[in-house]
Every structure is written in C-alpha cells, then in structure tokens.
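Work through the exercises below with the model open. Try each task before reading its solution.

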Amino acid sequence: MIFFQILIIMTLIINGALGALVFFINSRRPANVHFLIVTIIISAWLACLVFGSFSVRQETVVFWMRQAGICAALFLPATDIMRLAITGREGYRQKAEKRIALWLFLIIPVVLLCQTRWFIRGAVINPGQFYEPVYGNGNILYMIYFLMAIGLLLVELSKDLKTLTGVHRAELNFTLLGCATGTLSAVSLTLILPTLAGNWQMAQFAPLSIICLDGFVAYGIATRRIMAVTDVLRRIIAYSVLATGLILLYVTVWEIADRLLGMAFGYGTYLSQIIAALTVAFSMAPSIGWMHLDRKSTRLNSSHANIS
C-alpha cells in the first residue's frame, strides 16, 4: 500500500466520522443534514480515488477517475444547498428546489462530459506511485464549470453575509472559511505547485484539503458556543508560531549541544537530545501561560462585545 492510498483511507475515515458526528448532534436541523450530504459526496469522491488507486488496468483506472470528476462537480451544488439551510430563513425548501433546478441545468452536461474521452483520455500508471490522469481538451470546459459554480456560490454567500446576524452569520463565516481553505489548498496541491515544480506527484496530498474543509464547517455547524472567525484564526496562528518556535529551539539547542559534546568527547551522544528536550520542556510552561492569558482576554472581549 503506497502513501497515497493510506492518506486517502485516513481522510475517508475522518470525513465520514465528522459527517456522522454533526448529523447525530442534531439530526432534525437542516444544516446538519445537508452537511452530512456534503460529506457523503466527498466520501464518494474519495472512494473513487481509492478504487482507482488499487486498480492496475488502464480502463478501470480511467473509469474511476471519471467518476471522481463527477463527484467533485457535485460538491459545489451540495455546498450551495447547505448554505441555504444554514441561513435558517423561512421558505428555504422552496428556494432550495429552485437552486437544485439551476444546478441540474449546469451539472447534467458536466456529468455527460466526464464519461467521454474528451475529458480524460488515459492515465499514466506507475506501480507503487500516484496515478496521473491524461486530460483531454474537454477539461477546459470542466474548469469553466468550476469557475462559474464558484462565482455563483460566492455571489450568494456575499448576499447572505450582508443580511445575516448572530449564530447564522457565524456559521456561514466558518462555511466560507472552510471552503476557501479547502479549495485554495486543493488547487495549490493539484495545479499550482505541480506546474511550478514539474512534478505531479504533489497532487497525492490533495485529500488533506478535505480535512481543512470538514473541520471548519463542522465546527461552525455543530458547536453551540461559536467564537468569531478572527479569534479562531488568531489562535491557529498563535499555536503555529509556538510550535515553530519550539521546533527551532529544539533543533538549535540540539545542534549546539551536539557540537560542544563532540568537541569534549570526540563523538556525539544522546545527551544532546536530552538537553534539547529538557530545554523545550522548561520553555513550555511560560508559553502555555501566555496562551491561557490570550484565552482569557478573548473571552473578556467577546463577553464585553455581547454586553455592548
């Protein structure tokens, strides 16, 4: 089993677990139900990648790649309907029916396109490596559909964010954040970075974008006490900076101690690693204290904002 297959199966499990968790928290709420539908579509896309990666025949691999293209095309319509459910407005079912009719008008030609050689002509199959699709000229139309769908979704999201307030606005903000991070990371891993590096093996990390998307959206829908998006981003940045600083501290102390001990004893010892680990351990105490102060200030600011 190659790394890509392990990553796909792990992402499939996490995606399914988050979808089921959000659904069972409140199975009667439309937003929770539609999030489950979104995760089912994502699971279908991941399952197509799993089946294709375990195949060795050219025809079978191309078949599963085409089905994965269909599942990916269904993701944006499902997200749009979930957006309507999150708004919590009356008559959302009638609006959802109209949006479904619009999406069917756009998605049916894309589904038919995905089943032709004009979309995917073949695949580069290297045993033990990530399979690379060979796209045809129809992939341009497929990309145009994605750009149109993203544009429609962003227009509707901007309209909702101007009118919504309170919890519904917070949930929609996290939905937008999850879709933005997931889409940006997926496009970077599948298009931008492989094109710049000339190596399409980077695309095998694309399933990691699903975890970003699911995590933010699930938090926004399932959590009762929702922090503002800015607070969450600030905490993510703070913990990332803390982790990076501790890693650099460990490497620096390890390198210095290893050189000094090498000069003293003539060879490196495990003592340098112990010194580096102890340095990081003692540095954790003030760092955790700073994080607790940041949490308290965030809570005070949010409570003050609610009072005002």
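**Exercise 1. Classify isoleucine 6: buried, partly exposed or exposed?**

Solution. Begin with the cut-offs: buried is under 20% relative accessible area, exposed is over 50%, and partly exposed lies in between (1.4 Å probe, protein chains only). Isoleucine 6 has a relative accessible area of 45%, so it is partly exposed. Helices (H or I, at least four residues) and strands (E, at least two) are DSSP runs, numbered from the N terminus. Finally, look along the chain: valine 50 is 44 residues away in sequence, with 9.2 Å between the two C-alpha atoms.

The model is predicted: local features need pLDDT of at least 70, side-chain atom pairs count only at pLDDT 80 or more, and totals for chains, interfaces and linings use all residues. Residues are numbered from 1 along each chain as its sequence is written, and side-chain values use heavy atoms, leaving out hydrogens and water.

**Exercise 2. Which residues make the nonpolar surface patch of about 400 Å²?**

Solution. The members are Phe3, Met10, Ile14, Phe205 and Leu208. Patch residues have over 30% relative accessible area and no salt bridge; like charges are joined within 9 Å, nonpolar side chains (Val, Leu, Ile, Met, Phe, Trp, Tyr) within 5 Å. A salt bridge puts a side-chain nitrogen of Lys or Arg within 4 Å of a carboxyl oxygen of Asp or Glu. Areas are Shrake-Rupley values with a 1.4 Å probe; for residues, only the protein chains shown count as cover. Helix H1 (residues 3-25) gives the largest share, three residues. Isoleucine 14 belongs to helix H1. Its relative accessibility is 31%, so isoleucine 14 is partly exposed.

**Exercise 3. At what angle do the axes of helix H3 and helix H5 cross?**

Solution. Take lines fitted to C-alpha atoms, for helices over the stretch in contact, with angles from 0 to 180 degrees between N-to-C directions. The axes of H3 (residues 58-87) and H5 (residues 138-163) cross at roughly 10° and come within 11 Å. H3 is therefore roughly parallel to H5; that label covers angles under 35 degrees, with over 145 roughly antiparallel, 65 to 115 roughly perpendicular and the rest oblique. Contact means heavy atoms within 4.5 Å.

**Exercise 4. Is alanine 276 buried or exposed?**

Solution. Relative accessibility is 0%, so alanine 276 is buried. Its place is helix H9 (residues 271-307). Beyond neighbours within four places in sequence, alanine 276 contacts Tyr250, Val253 and Trp254.
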